[in-house]
Amino acid sequence: MSAERSAVAAVLEPEPLLQNNPSFAAITNVVCRPVELEVKKTPIGWILSFLVAISLLGLYGATLTYLVTTGVGVWGNNSPVYWAWDITNFVWWIGIGHAGTLISAILFLFRQKWRTAINRFAEAMTVFAVLCALQFPIFHTGRPWLAAYWLFPLPNQMSMWPNFRSPLMWDVFAVSTYGLVSVLFWYVGLIPDLATLRDRATTRTRAILYGIFAMGWRGSNRHWQHYERAYLILAGISTPLVLSVHSVVSFDFATSVLPGWHATIFPPYFVAGAVFSGFGLVMTLMVLAREFYGLKDLVTMRVLENMNKIMLVTGTMVGYAYGMEFFIAWYGGNPYERFTFINRAMGPYAWAYWTMISCNVISPQLFWFRFIRRSVPLMFIISIFVNIGMWFERFVIIATSLHRDFTPAAWGYFRPTWIDVSMYLGTFGLFFTLFLLFLRFVPMIAISEIKGVTPGASPHAHDADHGKEAH
Amino acid sequence: MSAKTAVTFEDNVWGVVAEYKSPGALLEAVKAVRQAGFSAIDTYTPFPIHGMDRAMGLRPTILPYLVLGGGLTGVGCAILLQWWMNGFDYPFIIGGKPIISYQAYVPVGFELMVLLSALTTVFGLFALCRLPQPYHPLFTHDRFPRFSDDGFFLAIEATDPSFSEARAREALAAAGGTEITVVRDISET
């Protein structure tokens, strides 16, 4: 590298990816430590969080029992709001999942090396969020074990097949494909790290359990060759997949003829919102985990700042979509469409609409300021706002478009029942139970990937400037 | 019995392994060992090393072709499935749309293409790497577990036509290797 080029690079890359230039062994140690603690030494914070999470999971179990034995009538859904919290929660959870795939796939294709600090974490979140999302479509059928032939083309005694012209059918395929591919992507990335845990195991049980999941990985270059290509292919096919999933979710609304839903802007608008909300939750959880597990050398301020920049961009895109919806409602000249949007901002659900605008449009704009992008407490607070705002976005789209039907005689106002509330809280129990188990038993940072971006990983390390990542 | 087994182990040399201190040193060692005429070699590292495939003279992986096959199967099956179910076996009219509304086949066609590509990628990877493989002779080497932390290993396997224990040791040492060890295959077959 010439002196001139390295000077330019120094301006473009003012901060190293990892702080204090940790050695390979130091990286292994810091990431493996929380996973390798003895049972007795489990941190009290983890135990308390787990108790809360598993209590919510218990609440979820009780709620589901009541829901399934009684019927979905125990939800607040009623004429004219037949779709309410169930689909709101479904879209919210599935949106959260999108950050994981964006980080693991799209940022990989764009060679954004900072992603290695957070990709494992975000991928785990994706898998668990998709699982939570799936709860709602499954249980809204009332009797899921009888409903399998509505959802999947299963041969049945009535010789009926599902209607593939329905976006709800596309949704089944999109979400189940997304869930499966996310699990595969996550697992493939985990194999070398599971081998690390196997090789460091101090008890026979650990060696056997991690050994089974590591499948005999031995870091052979003949394997790495296939592995790297497989990873690239998975990233390549996950990129259009992640864009397609939330597009298909938006088709559930956009292909209807309901004012407020019938809009061609929905697919890109939903995808931007999904990435926005996903980064919100990754940020909320990563800030906590980074403090709690002492990962500041690996998850550096530069990584957090980059995530905040992505939230700024996607938040602005979402704000643009909100504005454009209003513009089209006026410019399109359809009185029903216009009424829906005036009602959205000024009607009985105005409180929800303005909550959404404050959280999603105004709060991310604070990230224009560098000191806010780099302030851990502020980014934590804003990320919570983003989570809240994005839930309200889905609620606003769904409830405000439905609650004032074409004839005023059919107007209504949706109120959730306690079953709606406990079911939503219950999915948090499911999510956090799985997530805490992940933090306890699986390395939360991709060890082999992050080693690969350290300065020492380049075979030409002695040529490169110190403090630069490998290339 | 035990004496006989011991003799078998003694004969059953799998290869010779050496350690190198950095990715750069390993890359140079691979070049040197190939120069010395060995081809049945492999490296064992905590992460993939840039340029190692070329240094080892590996042919490109066939995985992308397998995935292409998987993806085409996925999209083909999806279109046939939708056509047969909605257009042939159980035709019904919804919303006045034609019985065979091929435009609506796109989302499911795309999703199944991705699904089968992903499954082919992952299971193709396992097949090409011969995983899962619970036993490998290298796992008997005491220092080998360091490969997943910060160890950089190079092995010359006994299947190499020009292999002899002494020659392999010499080549690995000449390339800067330390902790040179003979690894034996203790499996019964």
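In strand E4 of chain B, which residue is the bridge partner of B:Val17? The partner in E4(B) is B:Thr181, and this pairing belongs to a predicted model in which chain A is built with 17 helices and zero strands, whereas chain B has six helices and four strands.

**Strand pairing in chain B**

- Strand E1 (residues 13–20) of chain B is mostly covered, with seven of its eight residues counted as buried.
- E1(B) runs antiparallel to strand E4 (residues 178–184) of chain B, and five bridges join the two; among the residues paired in this way are B:Val17 and B:Thr181.
- E1(B) also runs antiparallel to strand E3 (residues 152–157) of chain B, to which it is joined by six bridges, and here B:Val16 has B:Ile156 as its bridge partner.
- As a general point for reading these strands, side chains in a regular strand alternate between the two faces of the sheet.

**Overall form of chain B**

- Chain B is more spread out than a compact globule, because its radius of gyration is 25 Å, well over the 16 Å that the globule rule gives for 189 residues.
- The C-alpha trace of chain B spans about 80 × 45 × 30 Å along its principal axes, and 40% of the 189 residues of the chain count as buried.
- Of the contacts in chain B between residues at least 6 apart in sequence, 81% join residues at least 24 apart.

**Overall form of chain A**

- The radius of gyration of chain A is 24 Å, which agrees with the value near 23 Å that a compact globule of 471 residues would have.
- Taken along the principal axes, the C-alpha atoms of chain A fill a box of roughly 75 × 55 × 45 Å, and buried residues make up 46% of the 471 residues.
- Among contacts in chain A with a separation of 6 or more, residues 24 or more positions apart account for 80%.

**Helix H5 of chain A**

- Helix H5 (residues 119–140) of chain A has 22 residues and reaches 32 Å from its first C-alpha to its last, close to the 32 Å expected at 1.5 Å a residue.
- H5(A) is mostly covered, since 16 of its 22 residues are buried, and just after this helix A:Gly142 takes a positive phi of about 85°.

**Contact between the chains**

- The contact takes 55 residues from chain A and 58 residues from chain B.
- On the side of chain A that touches chain B, the elements that give two or more residues are helix H2 (24–36), helix H7 (167–200), helix H9 (221–254) and helix H17 (447–452), and H9(A) gives the most, with 16 residues.
- By class, this side of chain A has 28 nonpolar, 20 polar and seven charged residues.

**Confidence in chain A**

- The mean pLDDT of chain A is 90, and 95% of its residues reach 70 or more.
- Confidence in chain A is lowest in helix H1 (residues 3–12), at a mean of 59, and highest in helix H13 (residues 350–362), at 96.
- Over residues 463–471 of chain A the pLDDT is below 50, although this stretch has 20 contacts in the model beyond near neighbours in sequence.
- Where pLDDT is low, the predicted coordinates should not be read in detail.

Methods
Residues are numbered from 1 along each chain as its sequence is written. Chains are lettered from A and ligands numbered from 1 in the order in which they are written. The radius of gyration is taken over C-alpha atoms; the globule rule is 2.2 Å times the number of residues to the power 0.38. A residue is buried if 20 or more other C-beta atoms lie within 10 Å of its own, exposed if 12 or fewer, and partly exposed in between; C-beta atoms are placed from the backbone. Two residues are in contact if their C-beta atoms, placed from the backbone, lie within 7 Å. pLDDT is the predictor's confidence in each residue, from 0 to 100. The expected span of a helix is 1.5 Å times one less than its number of residues. Two strands pair if DSSP finds at least two bridges between them. Ala, Val, Leu, Ile, Met, Phe, Trp, Tyr, Cys and Pro count as nonpolar, Asp, Glu, Lys and Arg as charged, and the others, Gly among them, as polar.
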